[in-house]
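Visitor: I have a new model open and would enjoy a guided look at it. Could you walk me through the pockets and the fold?

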Amino acid sequence: DAPRVIDVGTGSGAIGVSLAKYHRGSRVFALDISLEALEVAKRNAFRHGVEGRMVFLSGNLLDPILNAPDYKDLKFDLVVSNPPYIPREEIKNLPRDVQQEPYLALNGGEDGLSCYRELIPAAKKVLKSGGYLLLEIGWDQAENVKEICRSHGFHDILVFRDYGGRDRVISGYI
């Protein structure tokens, strides 16, 4: 009835603010490495009347939860993220409007999977038993991300397609 949610790499807060708005009992922790992004997310939370049910923390991936004495023992029901997943060398080939996004929000490392390799095992540490992980992925990354999830104990892994029929979201339980 009152899920505890983490939105990793919240950016403008689109996901976290939406979860707080449409699930009124939720408590959403919005995390981002960018202080500028967190300010935008805070303004959006205020604009939608959910700022009182959100916590905004700055740091890399789940570090603000794992390293903070106030939060490190909390367990969460859901971790969501749209992490950087573009292979570094492909960024220069993206449409110009996409290239305007912050580089940190795009750069998924050499193969686009760097954040998943770090985020998935960290998510296991913060999720309660039965907790749910939901990640946006690149259209061609489903099998690799599924394997990373499986190797860290996630099960019932599902892949969801976007309206274009491409793999876009992966989910799993711990």
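**Pockets, fold and backbone**

Guide: Gladly; by class, the residues that line the largest pocket are 19 nonpolar, eleven polar and seven charged (Ala, Val, Leu, Ile, Met, Phe, Trp, Tyr, Cys and Pro count as nonpolar, Asp, Glu, Lys and Arg as charged, and the others, Gly among them, as polar). This is a predicted model, in which local features need pLDDT of at least 70 and side-chain atom pairs count only at pLDDT 80 or more, while totals for chains, interfaces and linings use all residues. Residues are numbered from 1 along each chain as its sequence is written, and side-chain values use heavy atoms, with hydrogens and water left out.

Visitor: What volume does the largest pocket have?

Guide: A pocket is an open set of points on a 1 Å grid over the protein atoms alone, where a 1.4 Å probe fits, with protein on both sides within 12 Å along at least five of seven lines; lining residues have an atom within 4 Å of a point. Grid points are joined across faces, edges and corners, and the volume is the space filled by probe spheres set on the points. For the largest pocket this comes to about 940 Å³.

Visitor: Which residues are the closest to the centre of the largest pocket?

Guide: Its lining has 37 residues. Those closest to the centre are G9, N82, P84, L104 and A105.

Visitor: Which residues lie nearest the centre of the second largest pocket?

Guide: That pocket holds about 230 Å³ of space. Its lining has five nonpolar, four polar and five charged residues. Of these 14 residues, the ones nearest the centre are I86, P87, E90, W139 and D140.

Visitor: What pattern does the protein follow along the sequence?

Guide: There are seven helices and seven strands, taken as DSSP runs numbered from the N terminus (helices H or I, at least four residues; strands E, at least two). Read along the sequence, they follow β-α-β-α-β-α-β-α-α-α-β-α-β-β.

Visitor: Is L61 buried or exposed?

Guide: L61 sits in the loop between β3 (54-58) and α3 (63-66), with a positive phi of about 45° although it is not a glycine. Buried means under 20% relative accessible area, exposed over 50% and partly exposed in between (1.4 Å probe, protein chains only). At a relative accessible area of 12%, L61 is buried.

Visitor: And D156, is that residue buried or exposed?

Guide: D156 belongs to strand β6 (residues 155-161) and has a positive phi of about 50° although it is not a glycine. Its relative accessibility is 52%, so D156 counts as exposed.
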